[in-house]
Amino acid sequence: MMPDYYLKDFVDRNALEALQLQRMQETLQRLYENVAFYRQAFDQAGLKPSDLRCLADLSKFPFTRKADLRDHYPYGMLAVPMHDIVRVHASSGTTGKPTVVCYTKRDLEIWAESVSRVFSMGGVSSKDIVMISYGYGLFTGGLGAHYGAEALGCSVIPMGGGSTEKQLMLIKDFGVNVLCCTPSFFIHIMEEAEKKGFDIRQTNLRVGFFGAEPWTEEMRQRIQTQSGITARDIFGLSEIIGPGVSADCPCCAGLHIFEDHYYPEIIDPDSGEVKEPGQEGELVFTTISKVGMPLLRYRTGDISSLCYDKCECGRTLVRMEKVRRRSDDMLIIRGVNLYPSQIESVLLSVKGTEPHYQLLVRRDRAMDELEVQVEVTAAVFSDEVKALESLRNEIQNKIKQIIGLSAKVTLVEPGQIERSTGKAKRVLDLRK
Ligand code: DLL
């Protein structure tokens, strides 16, 4: 028997819109009453929660940006007392401080429901053995997928990322049917399998839920042909809930958004004007059922478009186009989000470096590699090799500690990095 929430994907759109309006009105009211940031923003715009009479009225209300979360770090955006919060996660901020997100018990239920719906769309049931190979910890990937699979009644293996050989061993020995990890990590797993003469087709693995970074239709084809499994896209971001904001259905013609919880808009990133269905722009979400830290018109930085045409699978939920790029300079390297400014703050905290640096991103087979080239002062450069080596290690360790990413650091002579007369070109993304 299908769980109740399965029916929510097929709800009549008039009923859905009525529910969205009611939830949106309640959310605005709670934000106004409980979050100083929103009260001020509404007052400044001369708006009251009651000014939202229909869904289209949302466009009158102010946006929320990542910088607003940073300015109210860590708990300033909460709409409930801290003792109602049962979980805290965090993702990359644009500077040294992470972006913090907090969940109440109810929020964790909504999240688990969302991820369960993703799995259900992919044909997963309580009979399946699901291995979670997203990272556990502050990143929402591991625990988010975990709770969703558990809520569906699956047997869950909390493997986490890394240890490719062990991943292969567990897939085989534990009879894994369903795998959750980043698409690039799965490609790496496939390559390791090939090297070791391990045939994924001979295992029980049937479907993978891949997300946390952009990937293409070509990548889907490659994964499916090479491994024989079905590859589904799962999208999400910590600020809105984590993984499970939207996902592929069997038609794989855009990701269905769980609109009864996350209300989407597409805007022009420059003017902020709302765009028509089908037009490309920046994806913006309003959470309409979250309790602990609801967000109003949160600007994701992701470029997509919305399609309200009926999907062949019968689901009435709107679909978003696969996210392929962003409107800002955020990079995603092996599933880790990175802003060049984060590297800058690390470099500036290390004595002996100059504020001239460049990030080179390459793809070595499927794995993304980050090289940080940084100029050092003339005094340091004339030092012994040992001193240079220790500076290099210091930077490398700090990047690993603060950002959670292993990078290759190259120290270069003063004046080596090209100077720009306008905007500095900090990133050379050589992956395309
Ligand atoms: O990446 C949540 C997640 C975990 C999603 C596991 C899917 C699977 P953040 O670390 O906050 O959260 O990063 C969010 O990652 O704004 C997108 O730019 C990018 N992103 C996430 N999923 C996809 C996807 C998690 N399927 C940011 N396709 C988002 C393209 C994605 N980009």
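First, the ground rules. The model is predicted, so local features need pLDDT of at least 70, side-chain atom pairs count only at pLDDT 80 or more, and totals for chains, interfaces and linings use all residues. Residues are numbered from 1 along each chain as its sequence is written, and side-chain values use heavy atoms, with hydrogens and water left out.

Let's start with the ligand. How many residues surround the ligand? The count is 23. The closest are Asp233, Ile234, Ser238, Asp302 and Asn337.

What is the shell made of? It divides into 11 nonpolar, seven polar and five charged residues. On this scheme Ala, Val, Leu, Ile, Met, Phe, Trp, Tyr, Cys and Pro are nonpolar, Asp, Glu, Lys and Arg are charged, and the others, Gly among them, are polar.

Now, where do they come from? Strand E7, residues 230–237, gives the most, with five residues. Helix H5, residues 140–151, also supplies at least two. Helices here are DSSP runs of H or I with at least four residues, strands are runs of E with at least two, and both are numbered from the N terminus. Both domains take part: domain 1 (1–328) and domain 2 (330–429) each give at least three residues to the shell. Those bounds come from an automatic or database domain assignment.

A ligand nitrogen is 2.8 Å from a polar backbone atom of Ile234. A ligand nitrogen is 3.3 Å from a polar backbone atom of Glu213. On the side-chain side, a polar atom of Asn337 lies 2.8 Å from a ligand oxygen. Taken alone, the ligand exposes 610 Å², and the protein buries 97% of that. Accessible areas come from the Shrake-Rupley method with a 1.4 Å probe; for residues, only the protein chains shown count as cover.

On to salt bridges. The structure holds 32. The term means a side-chain nitrogen of Lys or Arg within 4 Å of a carboxyl oxygen of Asp or Glu.

Look at Arg13. Which residues does Arg13 pair with? One partner is Glu17, with the closest N and O atoms 3.7 Å apart. Arg13 and Glu17 both sit in helix H1, residues 13–34, four residues apart, about one turn of the helix. The other partner is Glu259, at 2.9 Å, N to O. Arg13 is in H1 and Glu259 is in the loop between strands E9 (255–257) and E10 (262–267), so this pair ties together parts that are 246 residues apart in sequence.

How covered are these side chains? Buried means under 20% relative accessible area, exposed over 50%, and partly exposed in between, with a 1.4 Å probe and protein chains only. Arg13 is buried at 19%. Glu259 is buried too, at 1%. Glu17 is partly exposed at 34%.

Another pair is Arg220 with Glu217, at 2.9 Å between the closest N and O atoms. Both lie in helix H8, residues 217–227, three residues apart, about one turn. Arg220 is buried at 3%, while Glu217 is partly exposed at 35%. There is also a network: salt bridges that share partners join Lys8, Asp9, Glu113, Arg117, Asp260 and Arg315.

Last, the backbone. Most residues other than glycine have a negative phi, and most peptide bonds are trans. Some spots here are worth a look. A cis peptide bond joins Tyr73 and Pro74, with omega about -10°. Pro74 is in the loop between helix H3 (66–71) and strand E1 (85–91).

Ala212 has a positive phi, near 80°. Ala212 is in the loop between strand E6 (207–211) and H8, and is partly exposed at 29%. Arg297 has a positive phi as well, about 50°. Arg297 lies in the loop between strands E11 (281–287) and E12 (298–304). Arg297 is buried, at 1%.

Terms used: Near = heavy atom within 4 Å. Polar contact = N/O pair within 3.5 Å; in protein donor to acceptor, adjacent residues only side chain to side chain.
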